[in-house]
Amino acid sequence: MRTLRWEDGVVVLINQNSLPEKLEYVRCRDLRRVVKAIRTMEVRGAPAIGVAAAMALALTAHNSKALTREELMRELNHAADELRRTRPTAWNLFWGAERVLSAARVFVGGVEELREALVRQAQAIAEEDIAVNKQIGMYGASLIRDHDVVGTICNAGWLATAGEYGTALGVVKIAHEQGKDVSVIAMETRPVLQGARLTAWELRQDNIPVRIIVDGALGFCLSRGMIDKMVVGADRIVVEDGCYVFNKVGTYMAAIAARRHSVPFYVAAPFSTFDFNCRLGEVVVEERDPTEVTHLKGSPIAAEGVSAFNPAFDVTPPSLVDAFITERGILYPPFRENALRLNERQLRN
């Protein structure tokens, strides 16, 4: 299945807020509707919103009435700025927007040809994402043994990407396709329950056994030997003096608990999630609406007047990560040096 696709000048995406009750599609006909979809998490997951950003710029070009290249570039730059403000922590969003803008800057041809080229570029980014995630799964499956139970947080499956495989769950899916008896323990992932609502639903579609636990039960499960490997995704990986993982809040605690119980902790992510330019202290950690914590489906679960702190992400240091699973191979320590080496090799090619 595809999480989002381009269809005759419309960006069609699965409304993840409707799952698992119903499979509902949203049809975005302009930039504003894609921006809303990203901000309200109708589409979510780092690779998926990277593709959404690319398609939003293609939609901007498709709908533009600009008569000159300069006018169109101004519209595209304005649209990219608006997209970047939606989810400031997720690096793929910035990466996807920049891929389209870069293609526009170097394009040789008229305005109409440029519009068509940017649509093709966005579609190519979506197809590339699917191929990349399958390769991540192929590398990651080599770390999974028969009868392994994999623990995970949030949703890093095909719903979090352009479709079909995903990152962390792609590892599980490929291992399952290889005939390995693998199952998953999914943290429910408060406050909006991506693990319970999305990860469990995805795995059911693929006939992969899954059990949901409350987030606070992870340490207990690890202490009882119920989990063999932890595999998580990432929203941004800052390559500074190591590789620091910005992922769904709760990931840091999961990594600490895994290390305490000698359970391998793996991060599955494409190289488009690696940020080689930003310093750790420069990353804006998104804080979401406190009512996501104090309410559940619109109904209050906390006393009236009680406030909440709702960071969307936390930071896991490289010292708690055993390996990064990427489409270019598995990265082991020293992470920074190995990430730079693989990135430079790709740039040369």
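A charge is taken to sit over a ring if NZ of Lys or CZ of Arg is within 6 Å of the ring centre and within 35 degrees of the ring normal. The model is predicted, so that local features need pLDDT of at least 70 and side-chain atom pairs count only at pLDDT 80 or more, whereas totals for chains, interfaces and linings use all residues. Residues are numbered from 1 along each chain as its sequence is written, and side-chain values use heavy atoms, with hydrogens and water left out.

By the charge criterion, the charged end of K173 sits over the ring of Y165, 5.1 Å from its centre. K173 is one of the buried residues of α6, where buried denotes under 20% relative accessible area, exposed over 50% and partly exposed in between (1.4 Å probe, protein chains only). G179, which follows α6, has a positive phi near 95°.

R236 lies over the face of F94, at 5.6 Å from the ring centre. F94 also forms a stacked aromatic pair with W91, at 5.7 Å centre to centre and 15° between the planes. Rings of Phe, Tyr and Trp (its six-membered ring) pair if their centres lie within 6.5 Å, and planes under 30 degrees apart count as stacked, over 60 as edge-to-face and the rest as tilted. Both W91 and F94 belong to helix α4, 3 residues apart. F274 and F276 are likewise stacked, at 6.3 Å and 25°. F274 is buried at 3% relative accessible area, whereas F276, at 23%, is partly exposed.

Key: Helix = DSSP H or I, 4+ residues; strand = E, 2+ residues; numbered from the N terminus.
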